[in-house]
Amino acid sequence: MRTFQSRPERDLPYSDEFSSAEEYIESLLDFTTNSETFRFLCGGVHILDFFTTEPGVFVAAVPKEWQAFLLEKEPMVLLDFLMRDDLSSLSPNRGPGSPPESLVRYVKDIRKHSLRRSFQPSKPKLPILPRSVALGMKTKKVHEVTHFAGYIDRLAEDIAETRGKDLTHFVDFGSGQNYLGRTLASPPYNKHIVAVESKEANMAGAKDLDILSGLAEKEKRVRNKKLYHRILEATDPSQHNDEEALKRVARELGVTDEELATIDLRSRKEMQATYTVEEGKGTIEYVVGRLEHADLTGVLSQLRGCEEEVDQDKLAMMAVSIHSCGNLSHYGIRSMVLNPCIHAVAIVGCCYNLMTEKLGPPTFKPPFGRPSLQPINARVAREAEKRDPQGFPMSERVSTYNDDGVRLNITARMMACQAPQNWTEQESSGFFTRHFYRAVLQKMFLDRGVISRIYHGEETDKNVFNTSTNPVVIGSLRKQCYTSFAAYVRGAIAKLTTNSEFSQYNEVITEKMGNITDEEIARYEDEFRDRKRELSAVWSLMAFSACVVESLIVTDRYLFLREHSDIVQDCWVETVFDYRESPRNLVVVGIKR
């Protein structure tokens, strides 16, 4: 018998090929641990090293029987095959041009182990956000806030009905501009919000929006206007918002301290928003601070009425968040276990690349593993060495699977932030081209001595994973630098020789690349142009495979809650957004006993 009416039938939105959540979880862990192709595509490919070895990553690492099929397919046709085509209709006696059986099997495995993303709104008709509340929101944010606010409201009603007690507050982990909190505090929801945010600029912006929405009022001030304008006229206009500069001018004009006390010289930005607490209306309390763990004692002590002592027994809170980055999702989920006042959680995560790692390096060497000079693969090693107890995985089940646990390095977690189902032809062409330029430029750097190659075994060992480089991570360039490969190379050289952040490359780039001609740049582009399809095929496979990475991360969070059954009464995962609008659309829900 199900206690909470709003929970879905399944704990996890797994494929119909599984009969239970437990069957899905065991299969997921087995696949992510034992599929060498998956582990290569989700953690073993580094685009900057794509062309720095021969015969190249594609030929050396992609199964040989897949290669011809992958290269003959246009990128969008390949994406359709990976994610949308009906593979059950393929004939068992396939002819030339048909996908190899092992590739079809791999695609089916990825689809099978990826959590379902179909979405149904929590209510048939949700309240439309008033224009004053929707200020600053883009279309995507309006969709997220509208649906998640409705979801939270329905869940809170369900919990109150079951427990016979309303939740007192909703704690937003990483509130940002507080779009969600502002919506929940406004009619028709009228919730009491605790907005936790580490960046004061975000908080200041959120308070300005609170004023515009009517949830707060601008602080009123009384000033001697005649004297104030006299001081302004004698002050440089560029310093009109500088309180100390205005005071200096006032003293130069002979203004006494008593007269100065009658003038409020604070700038508009320094004025505080004032919030009035009224029966039946929602409220917002802001708490500034960077959360480093799930213990909320410091947050609670900043609430109204809790300054002297925090009585958690009088509080009944729900931790909520739309797209809390990295470990912040872990803190939100773990907060229900560590804080008596947190009675429920509903967390939608994102930015998996910002999560840390708990387990450290694997005790065995993966078939694709290779150390590297700075900075690409070395970052993978550094992240793993941190052994952060707050990092991935959260659950004991994933942490100890097969006695060694399941790991996801930063490359795998970064790819889980992709949304290949939403790629358009124009978008995919654009980033395939950018990755192609990056990879070919690294090959130029290697050939001209900007970077070097190292061997991790005997130099006679021709395995592509026996070597690596110390690639130069350039980051983004101006938009016009992507109009051609020559423009990209020139833009990269300019950035590396003029930007102070890249001062360590200034001398070597000037020496090795300063005299490169347009003809030589064109020769490299011509040499590798026909291999661009190799890169786009591998990147498509990586993004598609990383759907399982995200599924594993979300499942791990669900398992963490399930393992605390002495505290957690119920937990589940479901979709709360339309994937086309917001692909990070899985919420992890937990309700305390």
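User: Hi! What kind of model is this, and how are residues numbered?

Analyst: Hello! It is a predicted model, where local features need pLDDT of at least 70, side-chain atom pairs count only at pLDDT 80 or more, and totals for chains, interfaces and linings use all residues. Residues are numbered from 1 along each chain as its sequence is written, and side-chain values use heavy atoms, with hydrogens and water left out.

User: Thanks. How many helices and strands does the protein have?

Analyst: There are 22 helices and 11 strands. Both are DSSP runs numbered from the N terminus, with helices being H or I of at least four residues and strands E of at least two. The C-alpha atoms fill a box of roughly 85 × 70 × 40 Å along the principal axes.

User: And what share of the residues is buried?

Analyst: Of the 593 residues, 53% are buried. Buried here means under 20% relative accessible area, exposed means over 50%, and partly exposed is in between, using a 1.4 Å probe and protein chains only.

User: Okay, sheets. What is the strand order in the open sheet of seven strands?

Analyst: The order is E5-E2-E1-E6-E7-E11-E10, and the pairing is mixed. Two strands pair if DSSP finds at least two bridges between them. Strand E5 (283-288) and strand E10 (568-575) are at the edges with a single partner strand each, so one side of each has no neighbour in the sheet. On average, neighbouring strands are turned by 15° against each other, direction ignored.

User: Is E5 enclosed or open to the outside, then?

Analyst: It is largely enclosed by the rest of the structure, because five of its six residues are buried. Its neighbour E2 runs parallel to E5, with six bridges joining them, and Glu197 stands opposite Val288 in E5. Helix H9 (residues 200-213) also lies across strand E2 (192-197) and E5, at about 165° to E5. Angles like that run from 0 to 180 degrees between N-to-C directions, with axes fitted to C-alpha atoms, for helices over the stretch in contact.

User: Nice. How do strands E6 and E7 run?

Analyst: Strand E6 (residues 317-325) and strand E7 (residues 342-350) run parallel, joined by eight bridges. Ser324 has Gly349 in E7 as its bridge partner.

User: Switching to helices: how do H18 and H22 cross?

Analyst: The axes of helix H18 (residues 425-447) and helix H22 (residues 532-563) come within 10 Å and cross at roughly 115°. From H18, the contact uses Phe431, Phe432, Thr433, His435, Phe436 and Ala439, and from H22 it uses Lys532, Leu535, Ser536, Trp539 and Ser540.

User: What about the nonpolar core? Which residues touch the most other members?

Analyst: Leu70 and Phe445 do, in the largest core of 123 residues. A nonpolar core is a set of buried Ala, Val, Leu, Ile, Met, Phe, Trp, Tyr and Cys residues joined through side-chain atoms within 4.5 Å. H22 gives the most to this core, with 18 residues. Not counting residues up to four places away in sequence, Leu70 touches Phe58, Val62, Leu78, Leu103, Arg533, Ala537 and Leu541. There is also a second, separate core of 40 residues, including Val145 and Val320.

User: Now the backbone. Which peptide bonds are cis?

Analyst: One joins Pro187 and Pro188, with omega about 5°; Pro188 is in the loop between helix H8 (179-185) and E2. Another runs from Phe392 to Pro393, with omega near 0°. Pro393 is in the loop between helix H15 (376-385) and helix H16 (396-399).

User: And which residues other than glycine have a positive phi?

Analyst: Cys351 has a phi of about 50°, and Asp403 has one near 70°. Cys351 lies in the loop between E7 and H15 and is partly exposed at 24% relative accessible area. Asp403 is in the loop between H16 and helix H17 (410-415) and is exposed at 79%.

Conventions:
Contact means heavy atoms within 4.5 Å.
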